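Okay, thanks for having me.

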Amino acid sequence: MNMIQLSYTALADFMTSSPTIQRKTLLDYKYPDEDEPKAKRLYYREARDAIRAYHTGSKTPEWMQEMAAKLADLAANSTSKPAAARLNNNSRALTAYARGYGSDQIELGTPFKGILTIGNVSIRISADLQGTERKKEKIIRLDYSKATPEPRYIAIVTQLMFEAASAGGLVLPTSAFVVRHIESRSDLALARKGARVMRDIMATCENIEGIWNTL
């Protein structure tokens, strides 16, 4: 059996979804030539790229607002409702980020990337931001949604980041791994050493192995 390749957010989605959505999540990754999973992964690419540029280039909040306005203009001129909605959501995220964070908030380095292997499941971890903030190292998953993500989703995402970093020899406290909810300007860090959620993740990976060949 070939290794099952999943992203850490896909696994978190799987663990917090209904059986129907769980099956669709696995189908998207088993047959990756489909456009929908790629579109989902790239949904907030403009916002993510602008936020990185904001910090690395020491831009002003006004610059970020200009970027948001450009995306809103593109949305207004789009003939596709889904594309317009996506651009407007990116614009909204940038407006919220400019309101909540200065460009000197964090000194960025190369974002953490790692692999966590559990049984026959390979989980790809790719942080959005990593750097020094208030003299502390942070590895950050940006959350662009309007509503605060569910605690269980946050716990799974931060635990996977922590476990992958530890497996790769990166020694940081669990508090360094956060989901940053842009709208509420909240850093949500629920990873724990020896956490029960890790046992749930391992059991889920075993379950995925059993489902995979039936898809």
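So, in what order do the strands of the open sheet run? The order is β2-β5-β6-β7-β8, five strands with mixed pairing. Strands here are DSSP E runs of at least two residues, helices are H or I runs of at least four, both numbered from the N terminus, and two strands pair if DSSP finds at least two bridges between them.

Before I go on, this is a predicted model: local features need pLDDT of at least 70, side-chain atom pairs count only at pLDDT 80 or more, and totals for chains, interfaces and linings use all residues. Residues are numbered from 1 along each chain as its sequence is written, and side-chain values use heavy atoms, with hydrogens and water left out.

At its edges sit β2 (107-108) and β8 (186-188), each pairing on one side only. β2 pairs with β5 (residues 129-133) in the antiparallel sense, over two bridges, and L108 has G131 in β5 as its bridge partner. Lying across β6 (136-143), β7 (177-181) and β8 is helix α7 (residues 151-167), at about 145° to β7; that angle is between N-to-C directions, on a scale from 0 to 180 degrees, with axes fitted to C-alpha atoms, for helices over the stretch in contact.

Now the inside. The largest nonpolar core has 41 residues, and L11, I123, I201 and I208 touch the most other members. By core I mean buried Ala, Val, Leu, Ile, Met, Phe, Trp, Tyr and Cys joined through side-chain atoms within 4.5 Å. α7 gives the largest share of this core, nine residues. A separate core of 25 residues includes Y54, A98, I106 and I140.

What about N90? That one is in helix α6 (residues 81-100), and it counts as buried because its relative accessibility is 0%; buried is under 20% relative accessible area, exposed over 50%, partly exposed in between, using a 1.4 Å probe and protein chains only. A polar atom of the N90 side chain lies 3.5 Å from the backbone nitrogen of E46. Beyond neighbours within four places in sequence, N90 contacts Y43, Y44, R45, E46, A47 and L71, contact being heavy atoms within 4.5 Å.

S58, in the loop between α4 (45-56) and α5 (61-76), has a positive phi near 50° without being a glycine, and at 56% it's exposed. R185, in the loop between β7 and β8, also isn't a glycine, yet its phi is positive, about 50°; at 48%, R185 is partly exposed.

Note on methods: A polar contact is a pair of N or O atoms within 3.5 Å; within protein, one must be able to donate a hydrogen and the other to accept it, and residues adjacent in sequence count only if both atoms are side-chain atoms.
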